[in-house]
Amino acid sequence: MNTLTKENKQILDEKTDVKESKTQVRVYSPNVDVYESETSLFFRVEMPGVDETSVEISIEKDQLHLEGKFHIPGIDRGQVRLAEYKEGNYSRKFTIGKAVDTEKAVAKMKNGILELTLPKIEPKKTKIEIQNS
């Protein structure tokens with residue numbers, strides 16, 4: 001029989017608490033890389049264990065919200081001996097600060113990596129004529 005170290009036992013206890021409480025799901029802040037070019041903003045987001053049907057992307061005003069839900073399989077895996085893999089949902093918000101074309105946004109999900117491209121909108125130039133008084 002394996003012997004658990006004190007640290008592993010603590011991790012095991014934490015994981016067991018999460019699994020026993022079905023209503024309490026941990027929410028993690030995913031690692032994100034953000035790139036900006038002249039024409040677009042590009043986000044690369046790590047969401048291990050999340051499939052594309054569980055990802056939600058929303059933009060309201062200048063706030064981008066990325067969410068991914070990790071569904072724990074309902075399989076009896078046996079008694080936990082060591083649990084280092086973090087299970088939970090992901091959530092992260094960004095202030096974009098640029099006008100983007102949400103109709104032309106492109107999102108792809110592969111191997112737990114979300115790639116989101118938001119094309120920028122060129123600021124509309126308007127010349128205002130001065131009226132003679």
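Which residues does asparagine 89 touch, not counting residues up to four places away in sequence? In the predicted model examined here, asparagine 89 touches Val25, Arg26, Val27, Tyr28, Gly68, Lys69 and Phe70. Asparagine 89 belongs to strand 6, and because its relative accessible area is 17%, below the 20% cut-off, the residue counts as buried. A separation of 59 residues in sequence lies between asparagine 89 and proline 30, yet the C-alpha atoms of the two are 9.2 Å apart in space.

The average pLDDT is 82, and 80% of the residues score at least 70. The highest mean, 97, belongs to strand 8 (residues 113-119), whereas the lowest, 45, belongs to helix 1 (residues 6-20). Over residues 9-21 the pLDDT stays under 50, and for this stretch the model has 15 contacts beyond four places in sequence. Where pLDDT is low, predicted coordinates should not be read in detail.

The chain comprises one helix and eight strands, which follow one another from the N terminus in the order α-β-β-β-β-β-β-β-β. Of its 133 residues, 27% count as buried, and the chain exposes about 10,600 Å², of which carbon and sulfur atoms supply 48%. Among contacts between residues at least 6 apart in sequence, 60% join residues that are at least 24 apart.

Four of the strands form an open sheet with antiparallel pairing, in the order 2-3-8-7. Strand 2 (32-36) and strand 7 (106-110) stand at the edges with a single partner strand each, so that one side of each is left without a neighbour in the sheet. From one strand to the next, the twist averages 10°. Strands of a sheet pair through backbone hydrogen bonds, in either a parallel or an antiparallel sense.

Within this sheet, strand 8 is paired with strand 3 in the antiparallel sense over seven bridges, one of the pairings being that of glutamate 46 with its bridge partner isoleucine 113 in strand 8. Strand 7 likewise runs antiparallel to strand 8, to which five bridges join it. Here lysine 108 has glutamate 115 of strand 8 as its bridge partner, while valine 106 has threonine 117, also in strand 8, as its partner. The hairpin of strand 7 and strand 8 has two residues between the strands, and in this hairpin asparagine 111 takes a positive phi near 55°.

Strand 8 is mostly covered, with five of its seven residues buried, and this strand also contributes to the interior of the model. The largest nonpolar core contains 19 residues, of which Phe43, Met47, Leu64, Leu66 and Leu118 have the most contacts inside it. Two or more residues are given to this core by each of strand 3 (40-46), strand 5 (63-68), strand 6 (89-95) and strand 8. In soluble globular proteins, nonpolar side chains tend to be buried together.

The surroundings of phenylalanine 43 illustrate how these elements meet. Apart from residues up to four places away in sequence, phenylalanine 43 touches Val32, Asp33 and Val34, together with Leu64 and Phe94, and also Leu114, Glu115, Leu116 and Leu118. Two of these neighbours, Leu64 and Leu118, are listed with phenylalanine 43 itself among the core residues that have the most contacts.

Conventions: Residues are numbered from 1 along each chain as its sequence is written. Side-chain values use heavy atoms; hydrogens and water are left out. pLDDT is the predictor's confidence in each residue, from 0 to 100. Contact means heavy atoms within 4.5 Å. Buried means under 20% relative accessible area, exposed over 50%, partly exposed in between (1.4 Å probe, protein chains only). Accessible areas come from the Shrake-Rupley method with a 1.4 Å probe; for residues, only the protein chains shown count as cover. Two strands pair if DSSP finds at least two bridges between them. Axes are lines fitted to C-alpha atoms, for helices over the stretch in contact, and angles run from 0 to 180 degrees between N-to-C directions. A nonpolar core is a set of buried Ala, Val, Leu, Ile, Met, Phe, Trp, Tyr and Cys residues joined through side-chain atoms within 4.5 Å.
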